[in-house]
Amino acid sequence: MRVLIIDDEKNLLLGIARRLERTGYKVYMASSGNEGFNLACQHHPDIILSDIGMPPPNGFELRQMLSEE
């Protein structure tokens, strides 16, 4: 299963990614909404975990962008 994690807080991003990788998930990481959008379009993850309190595009805006894609 492919998981995309999007968070502008590096320590949180890496911590979640490590835990998921240890349990066998293929993890993609992005530190901004724009980077996350590009990775989502490229890799088509099964699950996206996104921070909602990021600089634009925030998590809500990113969700809207992805649903329009």
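Q: Between which two elements is the loop that holds Tyr25?
A: This is a predicted model, where local features need pLDDT of at least 70, side-chain atom pairs count only at pLDDT 80 or more, and totals for chains, interfaces and linings use all residues. Residues are numbered from 1 along each chain as its sequence is written, and side-chain values use heavy atoms, leaving out hydrogens and water. Helices (H or I, at least four residues) and strands (E, at least two) are DSSP runs numbered from the N terminus. Tyr25 sits in the loop between α1 (10-22) and β2 (26-30).

Q: Is Tyr25 buried, partly exposed or exposed?
A: Buried means under 20% relative accessible area and exposed over 50%, with partly exposed in between (1.4 Å probe, protein chains only). Tyr25 has 31% relative accessibility, so it counts as partly exposed.

Q: What is the relative accessible area of Gly33?
A: Let's move to helix α2 (residues 33-43), where Gly33 is found. Gly33 is buried because its relative accessible area is 2%.

Q: Which residues does Gly33 contact, leaving aside its neighbours within four places in sequence?
A: Contact here means heavy atoms within 4.5 Å. With those neighbours set aside, the partners of Gly33 are Ile6, Met54, Pro57 and Leu62.

Q: What separates the C-alpha atoms of Gly33 and Pro57?
A: Pro57 lies in the loop between β3 (47-50) and α3 (59-68). Gly33 and Pro57 are 24 residues apart along the chain, and their C-alpha atoms are separated by 5.2 Å.

Q: What is omega for the cis peptide bond that joins Pro56 and Pro57?
A: Pro57 is also one of the residues that Gly33 contacts. The cis bond joining Pro56 to Pro57 has an omega of about -5°.

Q: Is His44 buried or exposed?
A: His44 lies in the loop between α2 and β3. Its phi is near 50°, a positive value in a residue other than glycine. At 54% relative accessibility, His44 counts as exposed.
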